[in-house]
Amino acid sequence: LVMVFYGSNGKSNPVSMENKVEHQAKNQITYDVHLPSDLGMLYKVRLGLQSLENSISQLSLRHFKMQNTSTLDTFSLTINKTLPLSLNGDRWIEFPVEWPLKEALSVITYHLTVFSRNILSERNLVHMTACIYGTYGDTGDRSLLWSLQDVQQGEDNESFLVIVDAVELGELDKVVLLISSKTDCKLDIKKLHLKEAVKEHPIYVFEVNEAFSVDANKPEIQREIPVSFVIRGDKQKNDIDNLLKEGSQAGNLTEYTIKVYTGDKRGAGTDANVHVILFGNEDKSEVFQLSQSLEHQNPFERGKVDTFKIKTKKLGNLHSIEIGHDGKGFASGWFLEKVEITDASRNSVYCFNCNR
């Protein structure tokens, strides 16, 4: 049994449930868990089985309770679920941590549709997982081929639906795929569509367009796929279609120049993946990954300014931004001084100070 704890400042490494406390009551086990002090306020727990290879047994979970031994803050939850969730099924469950006077996140059912060419014919030999990242953390590695829904299979095209239950992720920004196989094969993945099950929109589109050559004797293949674009409704979908059809309508898009100032203090820089969302009085932008700096090959270094250009629909007067990163890399903490955004169409400059 393994747990991962998510806090406002990051997440823990997988914590193996080994340190049992003595004098157990019947059907109840207590563990001592030592978490990094810099996790911040805990908001989510992911709990699961590390491996099913040695055993086909199931684990029935009834109730979960945790207490901070320093503050005596206590959280408890009735679970009543059995892992894995189905035969050869998902080995993980997630739940939000709800503290007094704090609003907890919700558990969301996500629909991930995979568009491919030849995965279904190889699915019994292939192991493929996806980890979905958003502004509120990630799902961990979830198996894609154990329980497929809505399978569509043509001569040269196929698609299938995977259902993932997770604590809400906020704005989605990337998917990391892990692929391995018991035999040498080539797997052609075209794209991924990701949305909440109960909503038609937004649909996050991840363009892959890659044929993976999988070698049974080599380590698994890992691919990080940033969001390509977001379909936020029929109107926006039509706008995108029209823009693609008629290049002359590119005037509907506005170019924004984003200058990001990293602070000049020890440990200020980061190698994590930074994203930004712009909010205006008319609309908000999709999630943009800030990866191609106009000045530096390695952006967000101490005391440096990085410039990025993006194109999006007209947002009106900007009033706020959301900026953050995925915590990747060693010592990923980042001291952001400020962000300056220039709207060329309005000849306006907006400054958002951060200094943290």
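Let me begin with a definition: a residue is called buried when its relative accessible area is under 20%, exposed when that area is over 50%, and partly exposed in between, with a 1.4 Å probe and protein chains only.

A word on what we are looking at. This is a predicted model, in which local features need pLDDT of at least 70 and side-chain atom pairs count only at pLDDT 80 or more, while totals for chains, interfaces and linings use all residues. Residues are numbered from 1 along each chain as its sequence is written, and side-chain values use heavy atoms, with hydrogens and water left out.

First, the overall picture. The protein chain has one helix and 25 strands, where helices (H or I, at least four residues) and strands (E, at least two) are DSSP runs numbered from the N terminus. Of the 356 residues in the chain, 42% are buried. If we take contact to mean heavy atoms within 4.5 Å, then, among the contacts in the chain with a separation of 6 or more, 66% are between residues 24 or more positions apart.

Now to the aromatic rings. A pair of aromatic rings is described by the distance of the centres and the angle of the planes. Here, rings of Phe, Tyr and Trp (its six-membered ring) pair if their centres lie within 6.5 Å, and planes under 30 degrees apart count as stacked, over 60 as edge-to-face and the rest as tilted. The search of the whole structure finds six aromatic pairs. One of them is formed by F75 and F95, which are stacked at 6.4 Å centre to centre with 15 degrees between the planes. Because F75 lies in strand β6 (residues 74–83) and F95 in strand β7 (residues 92–96), the pair ties together parts that are 20 residues apart in sequence. Together with F64, these two rings form one aromatic cluster.

Rolling a probe the size of a water molecule over the atoms shows where empty space is left. In this work, on a 1 Å grid over the protein atoms alone, a cavity is a set of points where a 1.4 Å probe fits but cannot get out, whereas a pocket is an open set with protein on both sides within 12 Å along at least five of seven lines, and lining residues have an atom within 4 Å of a point. Grid points are joined across faces, edges and corners, and a volume is the space filled by probe spheres set on the points.

The second largest pocket has a volume of about 1500 Å³. Its lining consists of 38 residues, and Y31, F64, K65, M66 and Q67 are those nearest its centre. At least two lining residues come from each of β1 (2–7), β4 (42–48) and β5 (59–67), with β5 giving the most, at nine residues. As for classes, Ala, Val, Leu, Ile, Met, Phe, Trp, Tyr, Cys and Pro count as nonpolar, Asp, Glu, Lys and Arg as charged, and the others, Gly among them, as polar; the lining of this pocket then has 20 nonpolar, 13 polar and five charged residues.

How many cavities of 30 Å³ or more are there? The count comes to one, and the largest cavity holds about 30 Å³ of space. Its lining is made of D173, K174, N273, H275, Q289 and D326, that is, no nonpolar, three polar and three charged residues.

K174 also lies over the face of Y133, at 4.6 Å from the ring centre; the rule is that NZ of Lys or CZ of Arg is within 6 Å of the ring centre and within 35 degrees of the ring normal. In a second case, the charged end of K191 sits over the ring of F115, 5.0 Å from its centre.

F115 is also among the contacts of S159, which, leaving aside neighbours within four places in sequence, touches T113, V114, F115, D150, V151 and Q152. S159 is found in strand β13 (residues 158–167) and, at 10% relative accessibility, counts as buried.

Finally, two backbone details in loops. N347, in the loop between β24 (336–343) and β25 (348–353), has a positive phi of about 55 degrees, again without being a glycine. A cis peptide bond, with omega of about 0 degrees, joins H201 and P202.
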